[in-house]
Structures are given as structure tokens and as C-alpha cells.
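Please look through the sequence and the model shown here, and then read the short report that follows.

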Amino acid sequence: MKTVMGLDDPATVGEVIQMALSDHVSFDQIRAAHGLSADEVKALMRRELAPGSYRAWRRRVRRFSDRRASYK
């Protein structure tokens, strides 16, 4: 497994991906748990997800953030 922004443990990368995909976990919570900024999470997701999956995730994050001030 490739190293992504200092994350060399595949389990940790998987945990960050799960957190980012969850509608109940904010970027602030990911930063608190793993020290990654929103931009670093987006870069990790772009590298690890299939292109279509990444685009769908970004659309969902943008759509929810437009509706709720406290989303990701």
C-alpha cells in the first residue's frame, strides 16, 4: 500500500476514508483524530477512490454543505 501524506498504515487510511464517507463525521473530527486538513482528506480520497466515486463523494459533500452550515 502506498504512503499517503504520512499515513503508512492501510488500516488508518481505511479509517480516514470511512470517516470521510460518513455523513455524520465532519472534517474537523477527522483533523482531531488524524491531524489531516480538509484539503489533505480530499487529496487522500482522490488518490484512493475510483474517479467516479470521488466525484460522487465531492458532489454529496458540496450538496450537504450548501444545506447545512455545520456539515464537513
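## Surface and origin of the model

The chain exposes about 4,500 Å², and carbon and sulfur atoms supply 47% of that area, where accessible areas come from the Shrake-Rupley method with a 1.4 Å probe and, for residues, only the protein chains shown count as cover. This is a predicted model, in which local features need pLDDT of at least 70 and side-chain atom pairs count only at pLDDT 80 or more, while totals for chains, interfaces and linings use all residues. Residues are numbered from 1 along each chain as its sequence is written, and side-chain values use heavy atoms, with hydrogens and water left out.

## Overall fold

The chain has 4 helices and 0 strands, and from the N terminus its elements run α-α-α-α; helices (H or I, at least four residues) and strands (E, at least two) are DSSP runs, numbered from the N terminus.

Of the 72 residues in the chain, 36% are buried, where buried means under 20% relative accessible area, exposed over 50%, and partly exposed in between (1.4 Å probe, protein chains only).

F27 belongs to helix 2, which covers residues 27–34, and F27 counts as buried because its relative accessibility is 7%. Although F27 and K42 are 15 residues apart along the chain, their C-alpha atoms are separated by 9.8 Å.

R63 lies in helix 4, which covers residues 51–67, and R63 counts as partly exposed because its relative accessibility is 42%.
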